[in-house]
Amino acid sequence: MAVNPLLRPGLLATITAGVLWGTTGTTQALAPAAAEPQSVGALRMVLGTATMAAIVLIGGESRAIPRELPALRRSAGWLVLGGLAVAAYQLCFFVAVARTGVAVGTMVALGSAPVLTGLFGWALGERPTRSWIVATAVAIVGIVLIVLGSGRGASVDVGGVLLALGAAAGYALYTVLGRRLLVAGVHGQLMMTLFFAVATVVLLPRLVGADLGWLVSPRGAISMLWLGVAATGVAYLLFQRGLAHLPAGLASTLSLAEPFTATLLGVLLLHEHLGLLSAVGVLVVLVGLVLAGAGARHDDPPPG
């Protein structure tokens, strides 16, 4: 009897993470106008890290810390590098979008991230499969169609494009490092929490002098809680769960549920117009995700 691909370990968790990430743009759009993107990004990291730490403590995973300390010490350099990669992704993406526009910045960052993740993973021994290559190519074509059909203006700023590529490289690096550390036996929830703790320290200066008065309004508080708790803390722990079972490249491709979700929410909640080209792009991304799930190998390394 055929097995539903979504029931394979890690697939549903990874796709759910992508869906939660896809709520970010809509949530920011519904937040107060005074919410400045870079300070929002830094606050997301603070709340996300706190959420992960709380889940570790409440879930009883803190009992694992003493026995995990030797592995964490051996992996300290990789954990710091992973945290710096998380911070680089956040910083580069926001600046890239500001310089080259939402359309080009999003297309370059999201389109190149799965490819770079696959290449980084290949360099570390994860040979890409034919099904992954096809599914990733299909999903990237869908992203391009969504962006081209969005009708939003954009300027091709070389520096902005390079920063978008830097964001994609940061995403790819922490994804591959996370996968390698999980396979090596590092505890997954502790690993992701430490990644984000490092990134939070790097991004905290962004809050110095920032106007945070919008947080006291109900809309501001609710928006920030959703961004920090659900779209960051919970989402990245789900992504970690996916990485425990899936190759880094495949997990990155499945997380392209993010632009799919973002586009649908833009239409349903923000009343954005979905042109024919974008509508086709949404369907193409969905086909890519289905192909990625259907072609996934049932390889289950020891989870972290």
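A residue counts as buried under 20% relative accessible area and exposed over 50%, with partly exposed in between (1.4 Å probe, protein chains only). Trp21 is buried by this rule, at a relative accessible area of 6%.

The model is predicted: local features need pLDDT of at least 70, side-chain atom pairs count only at pLDDT 80 or more, and totals for chains, interfaces and linings use all residues. Numbering starts from 1 along each chain as its sequence is written, and side-chain values use heavy atoms, with hydrogens and water left out.

Start with the whole chain. It has 13 helices and zero strands. Both are DSSP runs numbered from the N terminus: helices are H or I with at least four residues, strands E with at least two. Of the 304 residues, 50% count as buried. Contacts are heavy atoms within 4.5 Å. Among those between residues at least 6 apart in sequence, 91% join residues at least 24 apart. The accessible surface comes to about 13,500 Å², computed by the Shrake-Rupley method with a 1.4 Å probe, and for residues only the protein chains shown count as cover. Carbon and sulfur atoms hold 71% of that surface.

Now turn to the aromatic rings. A pair of rings is described by the distance of the centres and the angle of the planes. Rings of Phe, Tyr and Trp (its six-membered ring) pair if their centres lie within 6.5 Å; planes under 30 degrees apart are stacked, over 60 edge-to-face, and the rest tilted. The count comes to eight aromatic pairs. In one of them, the centres of Trp21 and Tyr236 are 4.8 Å apart and the planes stand at 50°, so this pair is tilted. Trp21 sits in helix H1 (residues 11-21) and Tyr236 in helix H10 (residues 218-243), so the pair ties together parts 215 residues apart in sequence. Tyr236 is buried too, at 5%.

Tyr171 and Tyr174 have ring centres 5.4 Å apart and planes at 75°, so they are edge-to-face. They lie three residues apart in helix H8 (residues 158-183), about one helical turn. Tyr171 is buried at 7% relative accessibility, and Tyr174 at 2%.

The surface has its own feature. Trp78, Val80, Leu81, Leu84 and Val202 make a nonpolar patch of about 410 Å². Patch residues have over 30% relative accessible area and no salt bridge; nonpolar side chains (Val, Leu, Ile, Met, Phe, Trp, Tyr) are joined within 5 Å, like charges within 9 Å. A salt bridge is a side-chain nitrogen of Lys or Arg within 4 Å of a carboxyl oxygen of Asp or Glu. Helix H5 (residues 76-100) gives the largest share of the patch, four residues. Leu84 lies in helix H5 and is partly exposed, at 41%.
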